[in-house]
Amino acid sequence: MSSLSIQLPGLNLKNPVMPASGCFGFGREFSQLYDLSMLGAIMVKATTPEPRFGNPTPRVAETPGGMLNAIGLQNPGLEKVFNEELPWLEQFDVPIIANIAGSTEDDYVKVAEQLSHAPNVHALELNISCPNVKTGGIAFGTDPDMAKALTRKVKNVSEVPVYVKLSPNVSDIVKVARAVEDGGADGITMINTLLGMRIDLMTGQPILANKTGGLSGPSVKPVAIRMIYEVSQHVSIPIIGMGGIQSAEDVIEFFLAGASAAAVGTQNFVDPFVCPKIIDELPEWLAKLGADHISELTGRSWKKNERLAYYRP
Amino acid sequence: MRQENCKIVSNRQIAENIFELVLEGKLAAEMNQPGQFVHVKVADGFDPLLRRPISIASINDGLFTIIYRRQGKGTSLLADKSTGMTVDVLGPLGNGFPVDEANPGQTAVLVGGGVGVPPMYELAKQLARKGVKVISIIGFQSSNAVFYEKELAEFGEVYVATVDGSYGRKGFVTDIINGLEVQADIVFACGPTPMLRAIENGQYAPKTYLSLEERMGCGIGACFACVCHTQEDPKGFTYKKVCSDGPVFQAGEVVI
């Protein structure tokens with residue numbers, strides 16, 4: 001067994017590195033740069049029942065060490081994703097995690113039912129945490145009861161395991177995590193973006209047309225690490241961690257906090273080869289840490305009586 | 001498309017806050033259309049985080065030139081770089097101006113506004129090379145911002161407009177176009193959105209191509225940051241991505 005292979009509900013991963021939803025489209029663009037089969041998985045762009053145009057532009061703004069986006073879940077809609085995008089991805093030997101979104105519970109159920117039947121979709125990622133849409137999205141992700149009920153409904157129709165993507169825009173993320181576990185979630189993905197804003201000094205107006213957007217990039221990493229550290233100690237389902245990952249070192253840190261796999265978002269825009277680079281560099285880090293397998297690292301920051309071998313520079 | 005650490009051959013100021021950066025790299029061999037752009041990482045660290053889309057001004061035997069305005073933190077860092085250093089460049093990106101649409105003997109009017117001027121240089125060069133008559137019209141805020149007038153003059157007549165009237169004709173590029181006595185067969189334009197809108201509305205030639213600018217995330221079409229509506233479906237779901245479907249569009253294709 002490779003030191004990087006990972007078994008998670010529904011997912012038999014060659015390695016724990018995958019591009020995060022919304023940062024990789026449906027893979028077509030990045031396939032011009034490298035063979036997508038080398039990835040652990042691909043979390044494709046959020047899909048809603050109907051096509052969505054998203055928010056007006058400008059949709060991105062920079063911050064020190066980060067980026068605000070307000071794309072607004074633009075996507076070609078369920079039928080096109082099912083009939084065109086997912087079949088196109090079948091040429092690659094890589095499991096797909098389909099991110100599903102909607103405005104109502106029925107929307108989520110409809111998308112989940114159909115996408116979970118696609119042959120290369122091995123898991124769903126329930127997007128209840130997008131801060132950039134006015135209906136659905138974050139409304140479900142900030143209310144534990146709604147999150148639980150929605151998870152249960154989606155689980156009932158899905159043919160594949162369901163991972164729920166949690167929002168950091170809550171006061172008690174453990175409460176939401178426990179709620180979705182109670183609702184039958186097979187795993188958790190976290191964190192989604194932090195709600196933020198920037199204002200143009202010259203115009204005095206918000207830079208984003210949507211006014212607010214989701215903050216991502218290295219500046220959110222400490223928040224993600226803290227939340228994964230907290231949640232992983234209170235749930236028994238695995239966590240795919242994300243939030244500012246840029247390097248193999250970052251992936252290791254997410255594992256130590258409690259993650260069992262890692263997703264890379266914004267850094268794909270900065271360095272389009274970041275995922276292959278991280279996959280390449282991880283074995284060296286395992287050797288440095290004296291770990292035979294990457295899964296040994298999960299939760300080491302809080303597990304009692306389990307210490308890493310001393311760092312050997 | 002490739003990512004490459006390109007060597008800086010020169011980086012010099014050519015007008016107020018306007019810099020011309022000549023880079024050496026294998027990706028120059030892949031640049032085939034004027035109007036394409038590159039995505040430049042200006043800092044090694046986290047701030048600024050994202051790349052900067054900058055249009056290609058000229059392509060020449062393994063070298064390529066980009067021209068940028070020093071405006072914020074990112075472009076200031078780029079302006080500080082000197083000969084011999086390297087810059088992380090992703091490109092060439094996007095679809096540029098269709099040189100094939102202009103035939104030998106025809107007249108092409110090239111319109112550039114501010115940092116929309118650079119792609120006009122390579123375009124003028126390629127059009128002139130195939131026997132198209134080139135007329136360049138370039139517009140700036142004032143005299144100290146004017147650049148590439150002489151360079152463009154290598155390929156045909158050049159008219160300059162400045163908003164404050166400190167150089168060339170006072171006013172906008174459209175004031176010059178309106179006064180042209182020559183009938184253009186084709187118009188190519190790159191510049192601020194109001195300028196592009198005015199050129200589209202002016203219908204100065206049977207064919208018009210416009211290069212759009214929009215804030216970008218990835219530059220390759222994956223992030224959906226720079227989408228625009230199509231004119232066929234101005235409020236619907238069909239869209240074009242400025243980075244990968246454009247940045248050059250035919251007039252009437254997308255909502256500006």
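Leaving aside its neighbours within four places in sequence, which residues is Gln74(A) in contact with? Counting contact as heavy atoms within 4.5 Å, the list is Lys45(A), Arg52(A), Phe53(A), Gly54(A), Arg59(A), Phe224(B), Val227(B) and Tyr239(B). Gln74(A) sits in the loop between E6 and helix H1 (78–89) of chain A; helices (H or I, at least four residues) and strands (E, at least two) are DSSP runs, numbered from the N terminus. Its relative accessible area is 0%, so Gln74(A) is buried. Here buried means under 20% relative accessible area, exposed over 50%, and partly exposed in between (1.4 Å probe, protein chains only).

A quick word on the model. It is a predicted one, where local features need pLDDT of at least 70 and side-chain atom pairs count only at pLDDT 80 or more, while totals for chains, interfaces and linings use all residues. Residues are numbered from 1 along each chain as its sequence is written, chains are lettered from A and ligands numbered from 1 in the order in which they are written, and side-chain values use heavy atoms, with hydrogens and water left out.

Now look at helix H4 of chain A, residues 144–157. Its buried residues are Ala147(A), Leu150(A), Thr151(A), Val154(A) and Val157(A). Seen down the axis of H4(A), they fall within an arc of 130°, so they line one face of the helix; the arc is taken from the directions from the helix axis to the C-beta atoms. Why does that work? An α-helix has 3.6 residues a turn, so residues three or four places apart point the same way. The face turned away from the buried side of H4(A) carries the exposed residues Asp145(A) and Asn156(A). As for packing partners, the buried residues of H4(A) pack against several elements of chain A, including strand E7 (96–100), helix H2 (105–115) and helix H5 (173–182).

Most residues other than glycine have a negative phi, and most peptide bonds are trans. Yet the peptide bond from Met190(A) to Ile191(A) is cis, with omega near 15°, and a cis peptide bond also joins Gly246(B) and Pro247(B), with omega about 10°. Asp61(B) is not a glycine, but has a positive phi of about 50°; Asp61(B) is exposed, with a relative accessible area of 78%. Tyr148(B), not a glycine either, has a positive phi of about 65°, but Tyr148(B) is buried, at 7% relative accessible area.
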